[in-house]
Number of protein chains: 2
Amino acid sequence: MVSASVKDVAALAGVSVGTVSNVLNRPEKVSAEVTVRVQGAIDKLGFVRNDAARQLRAGLSHSIGLVVLDAANPFFTELARGAEDRAAAEHFTVLVGNSSEDAGREAAYLDLFEQQRVRGVLISPVGNVIPRLEQLRRRGIPTVLVDRQTENLSFSSVAVDDLAGGEMAVAHLLSVGRQRIAFVGGPENIRQVADRLSGARKAMESAPRASLEVIPTESLTVLSGRAAGEAIRLRPAAERPDAIFAANDLLAVGVLQGLMLMGGVQVPEEIALIGYDDIEFSAAAVVPLSSIRQPSALIGSTALELLLREASQESGFAPRQVVFPPELVVRASTQA
Amino acid sequence: MVSASVKDVAALAGVSVGTVSNVLNRPEKVSAEVTVRVQGAIDKLGFVRNDAARQLRAGLSHSIGLVVLDAANPFFTELARGAEDRAAAEHFTVLVGNSSEDAGREAAYLDLFEQQRVRGVLISPVGNVIPRLEQLRRRGIPTVLVDRQTENLSFSSVAVDDLAGGEMAVAHLLSVGRQRIAFVGGPENIRQVADRLSGARKAMESAPRASLEVIPTESLTVLSGRAAGEAIRLRPAAERPDAIFAANDLLAVGVLQGLMLMGGVQVPEEIALIGYDDIEFSAAAVVPLSSIRQPSALIGSTALELLLREASQESGFAPRQVVFPPELVVRASTQA
DNA sequence: CCCTTTCATTGAAACGAATCAAAATCCGGT
DNA sequence: ACCGGATTTTGATTCGTTTCAATGAAAGGG
């Protein structure tokens with residue numbers, strides 16, 4: 001015998017299957033004596049509910065699907081944690097699918113989730129999945145987009161305001177008295193990079209005497225950052241900026257290395273430095289890096305909440321766009 | 001209408017439900033003409049199989065459960081990827097549960113997986129789950145342990161040989177001509193640390209003229225490493241080791257920072273340095289770090305394969321303990 | 001022209017739990 | 001002893017899919 005069913009339990013306890021089900025689901029409807037007998041039978045047989053049967057009967061599951069771009073990225077693991085915690089509180093389970101930025105895998109996970117009749121889907125899209133998501137919605141599976149502003153306002157979404165983040169970073173540099181700011185980052189066709197730069201420009205408006213120089217990079221990696229940092233170090237001191245805003249922390253770490261090589265430029269005395277993302281490593285850099293943190297877990301929990309609310313409405317739910325402000329984390333690299 | 005069933009498809013196509021099922025599962029048994037009609041009906045209705053019903057009928061699912069200690073740890077994300085890829089090839093799905101090193105969450109995931117009637121469980125245990133795993137096995141759900149040697153040989157397990165890794169690291173340092181080796185790491189009650197140190201000692205046996213010094217640390221963090229590195233830098237040059245083996249890469253990064261501060265000690269000229277784990281950051285350090293890599297994805301895929309094999313046996317499967325050798329990755333920090 | 005073989009198709013049964021109208025039981029009051 | 005009302009228990013039915021013995025139809029052999 002592979003596993004016991006309610007029928008077996010009922011037989012052993014000498015009651016009907018309906019009563020076993022009642023013990024499980026509405027214990028208050030069952031007399032104490034019977035409850036004891038049934039519990040005993042459950043324990044003796046090692047009965048465990050069969051989720052597939054429950055779900056079939058119920059017509060819908062207690063799972064929600066989450067498709068992330070990159071499961072190894074701390075931003076998404078945190079986001080997933082936030083969603084899972086919130087889901088657990090509502091007795092839901094989160095199924096995590098890792099698209100690895102591959103549209104094919106993404107589609108496969110959506111298919112899987114639809115077969116599982118998940119209650120809803122959270123997704124940070126790779127490909128153009130909007131038509132597919134609309135189809136899912138028509139079939140009763142709502143979606144909330146995470147970490148992507150949608151052009152398509154018919155879906156709810158939860159994201160972080162990269163524009164505000166960029167503004168925040170540069171405002172901080174200005175507030176500690178820096179005037180010649182450099183933005184290190186690229187390529188600009190990445191939405192996040194472009195938004196952060198726009199935010200930086202916005203912050204400059206309130207400081208007419210300060211200047212912003214843009215130093216483009218090929219990628220958002222430590223190596224690109226180091227190259228940029230070395231280039232700056234090799235300039236005559238008078239032509240160096242007195243503060244650098246790097247488009248992400250990897251770049252910032254590289255810039256820091258490039259600046260400090262061979263006892264070069266002092267951070268933050270000569271040049272203040274701030275990054276973006278607040279990866280774990282930032283706090284452990286040679287000079288601990290200031291950064292802009294995204295409330296990853298909060299994004300996850302909020303998205304899940306929106307999704308469940310949407311799923312519980314019969315219809316006519318008004319999609320909501322939630323945008324969180326990022327958070328400034330000040331460390332040694334910007335404290336003169 | 002929430003979603004169409006085989007019955008709807010059958011009605012629209014003018015065939016029986018059995019035939020629809022055949023089109024889905026044994027297309028070769030169905031005439032071309034009927035196949036076309038049924039496919040048409042499926043498309044028109046947007047029919048999607050109901051997994052719960054399939055699973056109920058089948059009695060077992062196409063999922064396997066994976067419980068990891070820390071979903072944010074790159075080792076486990078890689079391991080999960082390995083397992084998922086292997087699973088996908090066999091048309092299985094992996095459900096990932098993150099215990100966050102919490103025995104309660106771990107138990108909750110095992111309960112959930114049992115309710116889902118997963119085909120098997122991969123787990124890197126936190127608490128003493130062996131009795132529970134034995135219970136699961138009795139109920140037809142086999143387990144494979146990952147990243148833990150079991151005392152209990154009745155379970156299959158897949159792990160990495162940290163002893164061999166330590167030996168490998170020190171053997172490498174010796175092979176590039178270093179003689180005064182230091183091991184930086186601690187606390188020693190962490191199994192991995194102790195094993196790596198033992199391996200280091202073992203490597204020393206074949207080099208009677210070389211010496212091994214142990215420099216304990218409080219934790220496996222960048223900060224601890226930096227402290228150790230600074231302490232070494234401040235010694236008279238003659239008393240410094242000429243090579244350092246750090247118990248993990250975070251320590252190694254810290255040691256590197258501590259050594260190089262203020263243009264201090266040259267790496268690798270004066271001191272060669274090797275870490276352990278080969279985290280992504282190692283290659284991007286100021287001096288790219290040599291390290292010992294664990295075949296994370298391979299562990300995952302192997303564990304999954306063992307599990308499926310075990311699950312397909314009726315009974316009497318002999319548990320197997322697989323131990324992988326780690327891999328030496330040589331970078332600038334040990335190449336004079 | 002009938003009989004057998006082959007092949008496609010059918011439809012009822014089964015999986016396990018939840019539901020709910022109906023039946024059974026209980027209890028106090030008279 | 002009986003009634004009315006409340007509480008507890010029953011058991012047939014349902015969910016969607018797969019399976020498989022049975023049916024029907026077509027093809028081939030004699």
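**Chatting through a two-chain model**

Tutor: Let's start with A:Phe245: leaving aside residues up to four places away in sequence, A:Phe245 touches A:Gly166, A:Ala169, A:Val170, A:Leu173, A:Ala182, A:Phe183, A:Val184, A:Arg196, A:Ala200, A:Ile274, A:Gly275 and A:Tyr276. Keep in mind that this is a predicted model.

Student: Okay! Which residues have the most contacts inside the largest nonpolar core?

Tutor: A:Phe245 is one of them, along with A:Ile244, A:Leu259, B:Ile244, B:Phe245 and B:Leu259. That core has 86 residues. Apart from it lies another core of 32 residues, including A:Val67, B:Leu95, B:Val129 and B:Ile130.

Student: Switching to helices. Which residues of α3(B) are buried?

Tutor: B:Val34, B:Val38, B:Ala41 and B:Ile42 are the buried ones in α3(B). Seen down the helix axis, the buried residues of α3(B) fall within an arc of 100°, so they line one face.

Student: And what sits on the face turned away from that buried side?

Tutor: There you find the exposed residues B:Ala32, B:Glu33, B:Val36, B:Asp43 and B:Lys44. On the buried side, the cover includes α1 (6–13) and α2 (17–25) of chain B.

Student: How does the span of α3(B) agree with 1.5 Å a residue?

Tutor: Its 14 residues, 32–45, should span 20 Å, and the end C-alpha atoms are 20 Å apart, which agrees. After α3(B) comes B:Gly46, with a positive phi near 65°.

Student: What about α12 in chain A, how many of its residues are buried?

Tutor: Twelve of the 17 residues in α12(A) are buried, so to speak "mostly covered". Among them are A:Ile299, A:Leu304, A:Leu308 and A:Glu310. The helix runs over residues 296–312 and reaches 25 Å from first C-alpha to last, close to the 24 Å expected.

Student: Now A:Gln257. Buried or exposed?

Tutor: A:Gln257 counts as buried, at 11% relative accessibility. A:Gln257 lies in α11 (residues 249–260) of chain A.

Student: What does A:Gln257 touch?

Tutor: Not counting residues up to four places away in sequence, A:Gln257 touches A:Val222, A:Arg226, B:Ala284, B:Ala285 and B:Val286. A polar atom of the A:Gln257 side chain lies 3.4 Å from the backbone oxygen of B:Ala284.

Student: And A:Ser333, what does its side chain reach?

Tutor: The A:Ser333 side chain reaches the backbone nitrogen of A:Ser290 at 2.9 Å. A:Ser333 is buried, with a relative accessible area of 0%, and lies in the segment after β12 (327–329) of chain A.

Student: Before I check backbone geometry, where are there cis peptide bonds?

Tutor: One runs from A:Gly186 to A:Pro187, with omega near -5°; A:Pro187 is in the loop between β6 (180–184) and α9 (191–204) of chain A. Another joins B:Val267 and B:Pro268, with omega about 5°, and B:Pro268 lies in the loop between α11 (249–260) and β9 (272–274) of chain B.

Student: Which residue has a positive phi although it is not a glycine?

Tutor: A:Glu101 does, with phi about 55°, in the loop between β2 (93–98) and α6 (103–115) of chain A. A:Glu101 counts as exposed, at 53% relative accessibility. B:Glu101 also has a positive phi, about 60°, and is exposed, with a relative accessible area of 54%.

Terms used
Residues numbered from 1 in each chain as written. Chains lettered and ligands numbered in written order. Predicted model: local features only at pLDDT ≥ 70, side-chain atom pairs only at ≥ 80, totals over all residues. Heavy atoms only, no water. Core = buried A, V, L, I, M, F, W, Y, C linked by side-chain atoms within 4.5 Å. Buried < 20%, exposed > 50% of the residue type's maximum accessible area, 1.4 Å probe, protein only. Contact = heavy atoms within 4.5 Å. Helix = DSSP H or I, 4+ residues; strand = E, 2+ residues; numbered from the N terminus. Expected span 1.5 Å × (residues − 1). Arc of directions from axis to C-beta. Polar contact = N/O pair within 3.5 Å; in protein donor to acceptor, adjacent residues only side chain to side chain.
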